[in-house]
Amino acid sequence: MNISDLRQKHPEHWQMAAAIRMLSIDAVQAANSGHPGMPMGMADVATVLFRNHLKFDASIPDWPDRDRFVLSAGHGSMLLYSLLHLCGYPGISLDNIKNFRQLGHPTAGHPEYGHLPGIETTTGPLGQGLATAVGMAIAEENLAARFGRNIVDHHTYVIAGDGCLMEGVSHEAIGLAGMQKLSRLVVFWDDNGISIDGAVKLSDITDQAERFAAAGWSVHSCDGHDPDDIERAIAEAKATDRPAMIACKTHIGFGAPTKQDTKGAHGSPLGAEEIAKVREIYGWTLPAFEIPQETLAAWRGVGARGASDRQSWEGRLAKLSGRKQTEFDRVMSGTAPKAQVKALAAFRKEQAVAAPKVATRRASEMVLEVINPVSPELIGGSADLTGSNNTLTKDLGIFSPENRAGRYVHYGIREHGMAAAMNGIALHRGTVPYGGTFLVFSDYARGAMRLSALMKQRVVYVLTHDSIGLGEDGPTHQPVEHLAALRAMPNLNVFRPADVVETAEAWEMALTGAEQPSVLALTRQGLPTLRTEPTRQNLSARGAYVLADAEGRRQVILMASGSEVEVAMAARAVLQAEGIGTRVVSMPCWELFEAQDLKYRRSVLPSGPVRVGVEAALRMGWDRWLLGERGSEKKAGFVGMEGFGASGEAGDLFRHFGITAEAVAERTRSLL
């Protein structure tokens, strides 16, 4: 539908959509930076969706049963900011729109979760929004099975662009959603045929409709500028029993006389001359950032339309039993159940006494066997490595189209898609995800893991087979640089527990500590229990602690994590036998140790003694503890990996690479 027909046949719709377009055009121009073309192209689709379908109440943006709207094509962020401002969401003023992309304003270049109500997830890395929305749809289905459709009954809508569908994570997400028949998920594909380099056909000839259909989706199409056709397609998509994709044929930079349907409308301002012509074409006589009062009133009416739905929902919630209301409020607030804390404390005490020798991946499974039955919000899963990650406990049940109450997701060999879906599960609220793969394959998931950290979401990554200790699979599967890479990521806690007790403590911190993601790096090989004295205190909560102190004058401090704490303890025995007073510091979580006050850190790592770090990984990062914190380069050493691993039995590999008690003792002597 062309602009003249659209203005004539749908005048009110046109004005409302034009308000989105003009705010986007003016904001990008003022910032001299941004992407005007996508908001101009998708304004009609967004107007029909918000006006007729999206269930929300702008005055209560976090209403639990609202529909979720995800702008996966996050470069078009002004589309979302315009909608939020026009609908009357709190916290976004016209001044914020005028200061798009400026420091100190919540209207960032790409939507950032937590900056403004109504931003359901951080997007910008293409494909992430789409994949995250799959997790939101999983959470919605699971909570509906638990609390009933009277309480949980909403859709997740996504606007995705060509770039989202080219990114590999989209393939993983589309396949997972199709297999799971997530019928409350609707994706609008902005089919404008343009990317930053130019025509999409320069790089891609995929038939996206056939691709989605092959993955089990219901596929629809519409003229993305015809409100009646858009309405028809949405109604059809919502009526299916599968996830739906609507191919919306649009013009990028709709109405720009020289830039429409070109890359020139994609990622740069239109320019003053072009904008003046657009105003004429749109019939928009007001100056920059001004909206006609009747148009703004119409949009504010859209923002208030859902108030009656919300009030009806609140009435239904009030009719639940007091116990069920309390439980719903608890899971939506993210508060851990009291029974979980008690179960973990009892477990730690039991294991300190029993002192089993188990791999920490098995120790993690033992923890899950205790906490999963009393933590109904936990949703587990694995990227096709369930038996290796030890992430499935018998009480969970499998999440599937036939069993939405199941709490274990078979993600398939989709590490990136799994991580992104877990972000969505966490963002939805009411559910807390954990998922497993090998530590080395965190490379595949890193894009979504970074967003977990950026958004401060409680997502638990169970990453097993954490070193050369995995053995025969060889260097392709043996992580050596991955601990350093993950520790470099802000706001991510990386736990590498040394035994079953530390593993339980790591799980406790991941589930009850600050709201942020956690990595549990776990062994394949068995490890002895080193903490055999029960204690009420979670020692791992401080990141590092004295596991065994020196007998006699303290001359040496050995620092280690995970499986190498056992090596450090054995080296201590050798050195103590020679009269060399040796302290062993277990360092299960560097990030938590960094957060401790100076007095505590100095009590653990006093100046003076020789320091030797021991870890079956690269040295990168260790100098913070060896040379910093009043350490000395002349008195510092490291025993670990210097390159990639090899294929062989675990014990042989540790000896081959010199990560043994004897090697640690020898390195220590050379520094005394």
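How many bridges join S6 and strand S7, and in which sense do they pair? The close-ups below take up that question and then move along the sheet of this predicted model.

**View A. Strands S6 and S7 side by side.** S6 and S7 (residues 244-249) pair in the parallel sense, and six bridges hold the answer to the opening question.

**View B. The open sheet as a whole.** Here you can follow five strands in the order S1-S2-S3-S7-S6, with parallel pairing. Strand S1 (68-71) and strand S6 (218-223) are the edge strands, each pairing on one side only. From one strand to the next, the twist averages 20°.

**View C. Strand S3 and its buried side chains.** Seven of the seven residues of strand S3 (residues 185-191) are buried, so S3 is largely enclosed by the rest of the structure. Look at which way the residues point: Leu185, Val187, Trp189 and Asp191 go one way from S3, while Val186, Phe188 and Asp190 go the other way. Both sets are buried, Asp190 and Asp191 included.

**View D. S3 with its partner S2.** Strand S2 (residues 156-160) runs parallel to S3, and five bridges join the two. A handy landmark is Val158, whose bridge partner in S3 is Val187.

**View E. S3 with its partner S7.** S3 also pairs with S7, again in the parallel sense, over six bridges. In this view, Phe188 stands opposite Ile246 in S7.

Notes
Residues are numbered from 1 along each chain as its sequence is written. This is a predicted model: local features need pLDDT of at least 70, side-chain atom pairs count only at pLDDT 80 or more; totals for chains, interfaces and linings use all residues. Side-chain values use heavy atoms; hydrogens and water are left out. Two strands pair if DSSP finds at least two bridges between them. Helices (H or I, at least four residues) and strands (E, at least two) are DSSP runs, numbered from the N terminus. Axes are lines fitted to C-alpha atoms, for helices over the stretch in contact, and angles run from 0 to 180 degrees between N-to-C directions. Buried means under 20% relative accessible area, exposed over 50%, partly exposed in between (1.4 Å probe, protein chains only).
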